[in-house]
Every structure is written in structure tokens, then in C-alpha cells.
Amino acid sequence: MSERPAFYGRMTTAGLVVGFAIATAGILNAFPSLFGLPTPGPYPPIILRPAIFFACVLIFVLTKPWAAELEPRLGTTGRAIGAAADLAVLAMMALACWRFYEVMSILDQTLYFFSTGDAWIATGAALSIVYLCWRAWGAPLAIVALTLLIFFFTSDHWPGFLNRVPPDFTEGASTTLWFGLASGILGSITATMILTVFVFIVFGQMLEGTGAGMSLIRVAFRLTRHLKGGPAHAAIVSSGLFGTMSGNAVANVVGTGVLTIPMMKKNGFPPHFAGAVEATSSSAGQIMPPVMGAAALVLADFVGETYLTVITAALIPALLYYLSLFSAVVFEARKLNIGRSPELSKEMEMERQDILNLAMVFVPVFVMILCLKLGMSAAGGGIFALLSNAILSFINPEIRKEPMKLVKSFASGGVAFAHMMMAVGVIGIVVSVLGATGLPTDFANMVSRIADGALFWTLLAAMAAALVLGMGMPTLPAYLTIALILGPTLRQFGLSDLSLHLFVLYYGVASSITPPVAITAYAAAAIAKSPPLKTSIYAYRVGLVKFIVPFVFVYNPVLLLVDEGGFDTTELITVLFRTVLAIFLLSSSLAGFDRMRLHPAEIALRVATALGCLWTVPMIHWGATAIGLAIFAIHWMRARQPEAENA
């Protein structure tokens, strides 16, 4: 029994070594962008993409061998089955990646006619990626891809608008699934991940590994200790800031929730509410500038905007969402009569070193924004942020004492990227099959007919479809799947690509806290020791405003701040005022409490008034605004009466 942990430990070490190697290759590949060079890097795409992708498969198999999962259940038989499956996948991907290089080299020089063997290699590679994605991210995304693969080859047997002429196996499988720089598993999405997103994933891992994340949590707890429900506010701040760096909601819950959730419970919040706050704030980190995770980088590439434009547009909607989280905590703390935070545990006490460590968070972010402002690419800004973080990490005495921690966190970035690529490879399948079959356009026409051409009902249908399609998926593949299927539907209403994609991104993020497949809430529930479904329902309630904000900025694009014709400052202020008022009305209604318990009739009035504040007709929204202000004033006076009588 002692041999097995040592064996798997050596495999993990080997995975970190390969992770360090591909992290180095990814950073070197992005270096030319520092000097404004148009070339993507020193390695040509026909070498870079298959080499990096195979390295990612190798890292995944080394760090998460199936044999390790099967052996505890099936013994040596399970270990043999798992090892055989992983070796078969490695062999298949090695053959496919080498063949990709050979075929693409020929196509660079002359014509090439694909063979049946090429088609089987492409199909084998696709099935291998589906298997790896299932292992890495669970069944939902893998099932979507497998269903589309079956549909791709059997579409003449499907009913209704799904029925179409299937492609020729040789040409269709080869060009759609594998051999191509524009589409397929190694297509444009993989290129964006390697050329742009890679740097930021490594950056997020280094923030965590160098101690900056822990210091951020301690400082947040210190700053909010005198507020009612202080630990919950601290969880929102720290999880939001850390989430925007890491771009992974579940990893954020696991990384910060082990500290924030127990403190919220200690302060008097029920376990399910503590888990809900952590899950909701962690997921929202991916819509919070300046980094926003991998999805925003892909979004910028999709809409053809600079990354600076994207994070500028996302700023006010994200702040409105976090305001809603703060207000939800305030009203819940009042309802539970939770006072100031208890004495912090020794682990959470802030030290002078924590203040110094914050330089590792905020200086790289400032450097990145400055680089973007100077016209540098997102990858160039990310490299400078990464370099500044690496230099500043030596502020931490733990890094000075053990510099290998910095190396390990850098290698962990390569490992995290490899795991993400298992999902990205599957998304390459989804994108290619959808494009080859024309299914998104047909789906768009069907939704448009159901919604009868009305924007609101189309947005509502798109929201519902996005939440269903995104359930159980990590944010990046969820966003890409939703954007590809629903994009044509919304574009026909004249929406800008930026507002359209931000709308889709919000619901891709929101799907992680939406029952019944609320993966972020379930991760938080495990830490909070609360019922998973109850935690997900409360996360949905706490984050409900996230479901409203996209509608607000679609109907009021002034909130995105990037209208080419300029925007009216007065309009921006008035829209913000009405939206903030609506947030407080909705948050208090959902808690059923303001300064005292709310009667059901008052709850209904507040909800109706909040929706009226967001209405686009001036007569309605200004009338609702006046009513909303009156509601708060009357409630405050009623709450003051018992205090005056007791005095």
C-alpha cells in the first residue's frame, strides 16, 4: 500500500515539470507582443498548437490518472484498466497531433486530399477529448459534445428542423473536427487560449501560490470587522478580487471559502447562507474587471474589440452586481440581528506583512491596465503583470526563504491551463459541428418565431436557454456554447456585439449558481456542511440581481460606457440612480426584512416598484422611483417610532 502513493506522487511531480515547460513556452510565445510585433510568437501554429495540446493531455494524465480513481474501488484490476485507458488516449493524441503537423505542412505547400485514415484519426481524437473532458469537468459538457458528434454523422435521421444532409465521412470528419487552423479542436479558440489566455491563467496561479490571496482575505476581514455581518462582506470583497484573477469559480470557492465560510458561520449566519454568499461572490469574480478570467479574453477576440474596451464596458454592471450582494448581506444581517464580527481567529489576524503582500495584487493589475492604455495587447499586458508579480513576490519572506514556491506556482499555472484545455478541446468540437450544420441559425429562427419578434421575450427565452445550456459547465465553455447558439437570435434585433456577448457571459456565469446543477454552490455547501440544494437556492436568491443586470444594460447601453457616439452623463447618472434604488428594493424584498419585518403586501409592492424603476417608459420609471423613495422613507419612520416610544 505504501508504493501506490509514492508512484502517484512521482506522476504528479512529472506533471508539474511538464506544466513548467509549457508555461514557459506559452510565455515565450507571447513575448513578441511586448514589442508590437504582429507575429504570434517564435513557434509556427502548425507546431505550437499540436505540441501544446499534446503536452496538456500528458499533464492531465500525469496529474489525474484514471488508475488512481479506479484502484480504491476495483483494486489492481481498476489500476490496470485506468492505466490502459490513459495510455490508449495518450497514444491516440500523439498520433493525431503528429498527423496534424504532417497534413498542415503539406497544405502549406500544395493541395491535399484527405483519406479515410485521416477521418478515423480525427474521430478518434474527438472521442479522446470527450473522454478527457468527462474526467476533468464531469458529464454535462462531455454529453453535449458527444450528442453533437452523433448528430453530425446521423443528422438525416433526426426529426423536424434538426433533419439535414449528413457530411461525407472522410472530408467532414477530417476538416470539421481536427485538420484546420480556423475550426476544429485545434482551431481559433485553442489559438486564443494559447496566445492570450495562457498568461492570465499562470498569473492567477502565481497570485495564489505567492501568498497574495491569503493576505487579501485577511485585509478584507480587517476592513469589514466593524460592519454588521462583517465576515460576509469580507467574503464578497476577497472572493470578488481573487475571482477576477483566477477566473475559476469552483477553485475560488475552494481556495477562499475554507476561511470565509467558517467565519460567517461563527458570526451567526446559517451555514446555507454562508455557503450561498461565498458561491455567489466567487462566481461573480469572472465578470469583475480588470481581469475577469479566461472568458472575457475570448469575448474580446470574438467581438473584435480591445480588451480595455471589454473591461471598461463590464465595469458598471459588475459594480451594480456586487452592490446587490452587499445589500443582500445587510438586510440578512438585520433580519438575523447579527452585530459586529466576533474576535478574529489568529489565522485571520492581519499583520504588517499582509499590507506589503497586497503589492503583489494591485501593482500587477495597475501595470496591466497601463499597458492596455498604451495600446499593448492583452497578452503583453498580462506578461508585464506576471513579471511584476514575480519580482514583487520576494516581498514575502516565505518566498525569500523558499523560492521554489514561486517555481511551483508557475508550474501550477501550466497544470491549470492543461485542465482548462480539456474543456476547450470539446468546445472546439461543439463550435465546428454547429458551424458545419448551420444549427445555430435554425435555432435562432425558431426562438424568434416563439418570441414573435419582441426583444424582451427573446431575451427571456435566451436567458432560460443559456441557464440550461450552461449548467454544470465551467464558465468559458458555457459562454462559448451559449454565444454560438443564441448569438444569431439576438443579433437580429440590432444589439451591438459587445452588449450581446456580455449578456450571454452573465448567464454563463449565473448558471453556476442556478439549481439544480449549481456546481459552485455545491462546492460551497461541502465546506459549509449545509444541504447542497438549499445552499444553491439561497445562492440563486442572493444572486438574483445578476439575472436582472443584463436586461438593464441591454435596454440602457449607456451603462457600458463605450458608445462610439459618446454618452449622455445625465442619462448615465439617472439610470444608475434608478437601478441602485431597484437593487435595494429587490434585496430587501427577497430578505423579507428592511429595518423590521416586511408584510407580504409590502414585499409585493417593493418588487413591483423595483421593476417599474427599470422600465424604459419615462412616465413609469420616474413614477416608480418616487414611490420607491416614499416606501423607504415611510418604512424608516415606522421603524423609528418604537425607538422613540422606548426612549
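I looked up R638 and found a salt bridge to E602, with the closest N and O atoms 3.6 Å apart; a salt bridge here is a side-chain nitrogen of Lys or Arg within 4 Å of a carboxyl oxygen of Asp or Glu. The pair links distant parts of the chain, R638 in helix α28 (residues 618-646) and E602 in helix α27 (residues 600-613), 36 residues apart. Helices are DSSP runs of H or I, at least four residues, numbered from the N terminus.

This is a predicted model, where local features need pLDDT of at least 70, side-chain atom pairs count only at pLDDT 80 or more, and totals for chains, interfaces and linings use all residues. Residues are numbered from 1 along each chain as its sequence is written, and side-chain values use heavy atoms, with hydrogens and water left out.

I checked accessibility next (buried is under 20% relative accessible area, exposed over 50%, partly exposed in between; 1.4 Å probe, protein chains only). R638 is partly exposed at 39%, while E602 is buried at 15%. I also noted that R638 and E602 belong to a salt-bridge network with R334, D594 and R606.

I then looked up E332 and R541, whose side chains form a salt bridge at 2.7 Å, N to O. E332 lies in helix α13 (residues 307-336) and R541 in helix α24, 209 residues apart. Both residues are buried.

Last, I looked at K529, which has a positive phi of about 55° and is not a glycine. Most residues other than glycine have a negative phi. K529 sits in the loop between α23 (519-528) and α24 (532-542), and is exposed at 71% relative accessible area.

Key
Helix = DSSP H or I, 4+ residues; strand = E, 2+ residues; numbered from the N terminus.
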